[in-house]
Amino acid sequence: MVYGRRNGAKLVSLPHGYPCVKNSDFNPHIKEIIRNTGRSPDFSLRNHFDVYVVATERNRRLLLTWSIAPDVVEVWGNARFCPEWLQSLHLIVPPHRTKQDDDARQKVLVFLPAASSGFKLDLVQSLIERLATEEINAVLKPHTREGQDLGELLPNRLLCHENLSIVLDAESSSLMRWADTVINFATGTAIEALMQGKRIIFTRYLTENRLSWEDCAGVAIADSEDDVVSYLRDQSWGDDAFANEPYLRQEIYADGRVSEPLTHYADRLELLATTQER
């Protein structure tokens, strides 16, 4: 950043990851900051960027409370989940296969939470054990921050079932294409599952955080372990593109202000590079 600033380059921070939380104290680290200081985290050093890009107006409101200047943070929509990029991604990423693909069982992808995300670990493990008793073929996808160390989240007793497997190296996009139903804890990656027309179950009961998934009418919201199992067994519901549309408009298209996120990113970056405008 120092080198770029000295040489007159524009400094732009593009989104890494996709926060779908609605409350600001969403992990133990931030809770500790607020408890010790009485204040929200201080992100004011990020005001050294010319532009700090976020995907949604919700993300912008959060960062304003964390001391990023209003004229620095901009909402550009979500390039990661726009249809144009997903089409290219599906050409790049090979489809996922398992040994059980030829049987008639429902294929279920479970996006596991990061251990640091504040989820109720005992209830997560209880749900996984319950899934092992169902007539499904389930793939567990750990959070990328967990790496290979999954001992606390997934003890060996949870991995000895024929219909449960853990996948570390497959791309999330290919796993979502493989699945019939996606069980989601908190990851925004599951927005791609909506774009693919998959059934999504959001396990709201496993966290104290408030997540944007609550705003999506097409997502099944589970308030208990029994709810999760009931939604899995009930084959009468499915993807509802009409119900999902307002949520996708909010999360991908900046509440309708950005019609084509990829084009918007490219045009805005070109403008920043070739003019003195911020």
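**Close-up views of the predicted model**

**View 1. R80 is partly exposed, with a relative accessible area of 30%.** Here buried means under 20% relative accessible area, exposed over 50%, and partly exposed in between (1.4 Å probe, protein chains only). The model is predicted: local features need pLDDT of at least 70 and side-chain atom pairs pLDDT 80 or more, while totals for chains, interfaces and linings use all residues. Residues are numbered from 1 along each chain as its sequence is written, and side-chain values use heavy atoms, leaving out hydrogens and water. E192 is buried, at a relative accessible area of 0%. R80 and E192 meet through their side chains in a salt bridge (3.0 Å, N to O), a term for a side-chain nitrogen of Lys or Arg within 4 Å of a carboxyl oxygen of Asp or Glu. R80 sits in the loop between β3 and α4 and E192 in helix α7, so the pair ties together parts 112 residues apart in sequence. Helices (H or I, at least four residues) and strands (E, at least two) are DSSP runs numbered from the N terminus.

**View 2. R58 and E251 form a salt bridge between their side chains (2.8 Å, N to O).** R58 belongs to helix α3 (residues 57-65) and E251 to helix α9 (residues 241-251), so this pair ties together parts that are 193 residues apart in sequence. Both R58 and E251 are buried. The whole structure holds 13 salt bridges.

**View 3. A salt bridge joins the side chains of D226 and R130 (3.0 Å, N to O).** The pair links distant parts of the chain, with D226 in helix α8 (residues 225-233) and R130 in helix α5 (residues 121-131), 96 residues apart. D226 is partly exposed at 47% relative accessible area, and R130 is partly exposed at 24%.

**View 4. K22, E214 and D215 are linked in a network of salt bridges.**

**View 5. Five aromatic pairs are counted, one of them W76 with Y265.** Rings of Phe, Tyr and Trp (its six-membered ring) pair if their centres lie within 6.5 Å; planes under 30 degrees apart count as stacked, over 60 as edge-to-face and the rest as tilted. W76 and Y265 are edge-to-face, at 5.1 Å centre to centre and 90° between the planes. W76 lies in the loop between β3 (73-75) and α4, and Y265 in helix α10 (residues 261-274), 189 residues apart. Both W76 and Y265 are buried.
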